[in-house]
Amino acid sequence: MKNNVYKQILDMPKPAHFVLIDPDKSGIDEGIDLAVNAEKFGVDAILIGSSIHLNDNLDDFIREIKSKTTIPIIIFPGILNVFSSSADAILFLSMISSRNPQFLIGEQVRAAPIIKKYGLETISTAYLLIESGKMTSVQYMSNSMPIPRNKPDIIIAHVLAAELIGMKAVYLEAGSGADHTVPTEVISRVKEVTSLPLIVGGGIRTPEAAESIAKAGADIVVTGTIFENNRDFNLLAEFCQTIHKQRND
Ligand code: 1GP
């Protein structure tokens, strides 16, 4: 029987560090190498996802990584009908910053019967795309306008709506490879209004940036591109230590 990943997320010391592995950018061997080292150097969970899904080997990819790691392996879907029953859970995203119905509810309707059949744990997650300097893949692929980065009140209104709807986590997304991360002012303002786990990612390239985001109130700091381009596991360890240093316990 699989673990309750949401409970693990609630219970894990915060801030936590999740590493995103994109199966379109890493082969299986590279993905395993990154996941195994991520676990070794203190990463708390692995997200697996991509904006497009160019490869059809997601199931093998996840099964292989699962067989060599013990931390939670969570699907972070670009398109919700691409997933695998081998994962521990899936972030069941609704892109609430969007006004494109396909990414608010369309993808979820298509995916729900299969996810139910697989018995995969879902974590209902409010996904907010925040403007970050240039067009990102997620913006283009979802045909959605990001929320202006200098409008924290609008961002907060979205987060409050998500909480009232009953969603279980909030993901503030600048977009993979973003020029600018989600502003720390936005993170701290959002943290003041919600007790839901607050996930922040996009454009985090240095331990210093990760530290500011953790200090501002992110419960989970997500890094992706930095370790796709640079398999420097000393740097990975430094990211982990910097993020974990912000823990109170
Ligand atoms: C993207 O938030 C993640 O969905 C990670 O972004 O690749 O820029 O680290 P980066």
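Where does N143 lie? N143 sits in the loop between α5 (137–142) and α6 (152–165). Its phi is near 50 degrees, a positive value in a residue other than glycine. Helices (H or I, at least four residues) and strands (E, at least two) are DSSP runs, numbered from the N terminus.

This is a predicted model, in which local features need pLDDT of at least 70 and side-chain atom pairs count only at pLDDT 80 or more, while totals for chains, interfaces and linings use all residues. Residues are numbered from 1 along each chain as its sequence is written, and side-chain values use heavy atoms, with hydrogens and water left out.

Now turn to another loop. P15 lies between α1 (5–11) and β1 (16–21). A cis peptide bond joins K14 and P15. Its omega is about -5 degrees.

Next come two helix pairs. Start with α2 (residues 28–40) and α3 (residues 58–67). They pack at an angle of about 35 degrees, and their axes are 9 Å apart. Axes are lines fitted to C-alpha atoms, for helices over the stretch in contact, and angles run from 0 to 180 degrees between N-to-C directions. The crossing of α2 and α3 is right-handed. A crossing is right-handed if the near helix is turned clockwise from the far one by less than a right angle, and left-handed if anticlockwise. On α2, the residues in contact (heavy atoms within 4.5 Å) are I28, G31, I32 and A35. They meet D60, F61, E64 and I65 of α3. This contact has five nonpolar, one polar and two charged residues. Ala, Val, Leu, Ile, Met, Phe, Trp, Tyr, Cys and Pro count as nonpolar, Asp, Glu, Lys and Arg as charged, and the others, Gly among them, as polar.

The second pair is α8 (residues 207–216) and α10 (residues 233–244). Their angle is about 20 degrees, with axes 9 Å apart. The two are therefore roughly parallel (angles under 35 degrees). Their crossing is right-handed. P207, A210 and E211 of α8 touch L235, E238, F239, T242 and I243 of α10. By class, that makes five nonpolar, one polar and two charged residues.

Finally, look inside. The whole structure has one cavity of 30 Å³ or more. A cavity is a set of points on a 1 Å grid over the protein atoms alone, where a 1.4 Å probe fits but cannot get out. The largest cavity holds about 30 Å³ of space. Grid points are joined across faces, edges and corners, and a volume is the space filled by probe spheres set on the points. Which residues line the largest cavity? They are Y6, I9, L91, I123, A169, P197, I199 and I220. Lining residues have an atom within 4 Å of a point. This lining has eight nonpolar, no polar and no charged residues.

Conventions: 1 Å grid on protein atoms, 1.4 Å probe; cavity = no way out; pocket = protein on both sides within 12 Å on 5 of 7 lines; lining within 4 Å. Parallel < 35°, antiparallel > 145°, perpendicular 65-115°, else oblique.
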